[in-house]
Structures are given as C-alpha cells and as structure tokens.
Amino acid sequence: MNKIYILFVILCLGVCCCKQKTAEAKEQKPIVSAPQFVADSAYAYTQNQLDFGYRIPGTKAHKECALFLAEKLHDFGADTTLQHGKVMAYDGSYLNITNIIGSFAPEKQRRIMLFAHWDSRPYADNDPDKGNHKKPVTGADDGAASVAVLLEIARQIGLQNANIGVDIIFFDAEDYGTPYFYTGEEKVEHDWALGSQFWTMNPHIKGYRAEYGILLDMVSGKGSSFPVEQVSKHFAPHIVKKVWDKAESLGYGNIFPKSNGGSVIDDHYYINMYGIPCVDIIAYHPNTATGFPPYWHTVNDDMSNIDRNNMKAVGQTVLEVIYNE
Ligand SMILES: [Zn+2]
C-alpha cells in the first residue's frame, strides 16, 4: 500500500457511502461463542507461503503458491475460485494476476468479505541500503501473515459454521506500485492494489454484495498495533466501531487503540469505491518516516518479525465479529 495525501481523501468525499445499505433495525443478538483462533497454525501457514519463494506475478513461486492457497481454502470447505486476469503495471507492462476466492455458505444472502493481498513486492525500495532496492521483499508480514490469519479463520469456519456467509478473497498484485527508483516515461495511475481494482471491474459474482468487508494488512509484526486507519474511518465508521469495540471487549484494546492511525491506499480503498463499506486493520508505527513497520519494503520483512500474539489478537477479533452476526 501507499501513503496518500489527505486531499485525496477529501476529493473522494463526494462519492462515498452512496451505496451503503441502510442498517436494518435489529434485535439484541445473543453473544455467540466463536471458535478459538490458533496462532501456531497461522504461523505455519505464513512459513508455508514463504517456502515457495517470492510471490511475484509471473514467477513459478507465484503460480505454485496460488494453487496452494486455493487448495487450502477448498480443503477447509470453501467453494473456491481462481480468478485470472491481466492488468497494467506502473510502467505500462502487462501482468497476469490471480485473485483467489473462497466462499463459505454461498447460498446465504447475508455476507461478509474478508481479504488480504497474497503477492509479495518485487522491490525492497524502502531498504536503508540502496543496494537492496532492486531485490525482492520476502513479505512475511506484508502479505503472507495476513493471508495466513485468514486461512486459519477459514479453517475454523470449516469446522464450525457461522450464521452469515463469508467470502475470503486473496487479492493479487497489491504491492506492485511504482518503485522509488523508477525513471521511465510511462506512468500509469492507480498503480497499487491491481488485483482488487481488477475484481471491482470483474466481481466473481455479477453484482456481488457483502454487508461489509475487513482487510488485513501487516497484522502480525512484533511491536505493531492497529489504531484506526483513516480511509476506513471515512468510508465505514460503523464497521470501525464494530471491530474496534469487539477487540476492546476481548482485552485487545492496547493492540487496537481507537486513536487515529495513518491514511493508506490499499485494497480496501477500491472495495469501498465499489460500494462495500470496509475497514483496513493495518499496522501503524508513529516513529517511522512512513508510518509503516521499520522492515516495510526492506529485505528484512521475514519470519523473525512475526508475532503470534498479534496474529491471535487479530484473528480472534475477526472471528468474534463473524460469529456474532
Ligand atoms: Zn507492501
């Protein structure tokens, strides 16, 4: 994802929220016990993805990892679709991408969409050592761990049905945006989040709707916390409240502070523009220049930064949100 200027958000004010469903008057619902999220399992799924190598569109590792992720969703009981597409990258070249979609209880009308990006960035262009800028990012936290948390959620839904239908989408090519060192003449706008942009133009089901969506991005880093991301607050304040209140009630208030985090162009921006209100649970580090974790887009985004406690906090919170619908 990329930082965006607040002006950009303001420019978007005019188009927001127009497609939101009116909240139905609901009776007080009983508190349902959600399954227990197993962080060790999510940790292992993270390593599984890294074992394929760098998940960069066009590579063998990318192709093999896509099949692995689809197989996992299928094994957990989801109706699974591999959505192949072609998108234009920042330099005008074409990329073959694959979005991976797993649907639980596809017959249900009421649905939630959970998503993360599964590709890893080809360039470590935020590395303090310039010599590393053209090297790929391992993408343990920035990619794999968020997918892994959703895989563990998928496994739990497979074991115990939720009342609501759940669609889990792994978007491709989120992290293929223009590298800092790029000097070519061709400059393509909207160069991040290519897989989710493709999906909004070609949803896997025509006219697809979900009541809301939750994006996970960099949710497993040591020392990370998840204050409220500002694009989420703008487009989906009611979902921010739902998720952050739930985290607090579970004792994760310190990991999900209700203070303001950053403002990012991420997959959730395009899904919000499509008309599904959604939030981004994303690490915010006030003491780095970017607001992202110190290893973000460096060669150090590896397993050594992955914290099972954060996986548990995020995974359990999302499960509790789902099972109380
Ligand atoms: Zn990234």
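Let me start with His 190, which sits in the loop between β5 (165–171) and α5 (194–201). Helices (H or I, at least four residues) and strands (E, at least two) are DSSP runs, numbered from the N terminus. Before going on, note that this is a predicted model: local features need pLDDT of at least 70, side-chain atom pairs count only at pLDDT 80 or more, and totals for chains, interfaces and linings use all residues. Residues are numbered from 1 along each chain as its sequence is written.

His 190 has a phi near 50 degrees, a positive value in a residue other than glycine. The cut-offs are 20 or more other C-beta atoms within 10 Å for buried, 12 or fewer for exposed, and partly exposed in between, with C-beta atoms placed from the backbone.

Another case is Met 218, in the loop between β6 (212–217) and α6 (230–235). Its phi is near 55 degrees, again positive in a non-glycine residue. Met 218 has 30 C-beta neighbours inside 10 Å, so it counts as buried.

Next, His 238, which belongs to helix α7 (residues 237–249). It is exposed, because 12 other C-beta atoms lie within 10 Å. The C-alpha atoms of His 238 and Pro 277 are separated by 9.0 Å, and the two residues are 39 apart along the chain.

Helix α8 (residues 267–274) is largely enclosed by the rest of the structure, because six of its eight residues are buried. Those buried residues are Asp 267, His 268, Tyr 269, Tyr 270, Ile 271 and Asn 272. Just after α8, Gly 275 has a positive phi of about 120 degrees.

Now the core. The largest nonpolar core has 92 residues, and Leu 114, Val 149 and Leu 150 have the most contacts inside it. Helix α4 (residues 140–159) supplies the largest share, eleven residues. A nonpolar core here is a set of buried Ala, Val, Leu, Ile, Met, Phe, Trp, Tyr and Cys residues joined through C-beta atoms within 7 Å. Outside four places either way in sequence, Leu 150 is in contact with Leu 114, Ala 116, Ile 168 and Leu 216. Contact means that the C-beta atoms, placed from the backbone, lie within 7 Å.

Finally, helix packing. Axes are lines fitted to C-alpha atoms, for helices over the stretch in contact, and angles run from 0 to 180 degrees between N-to-C directions. α2 and α4 pack at about 130 degrees, with axes 8 Å apart. The two are therefore oblique; angles under 35 degrees count as roughly parallel, over 145 as roughly antiparallel, 65 to 115 as roughly perpendicular and the rest as oblique. On the α2 side the contact includes Ser 41, Ala 42 and Tyr 45, and on the α4 side it includes Ala 144, Ala 148 and Arg 155.

What about α2 (residues 39–51) and α9 (residues 308–323)? Their axes come within 9 Å and cross at roughly 110 degrees, which means α2 is roughly perpendicular to α9. Ala 39, Asp 40, Ala 42 and Tyr 43 of α2 meet Arg 308, Met 311, Lys 312 and Gly 315 of α9.

That is the end of my list.

Technical notes: Two residues are in contact if their C-beta atoms, placed from the backbone, lie within 7 Å.
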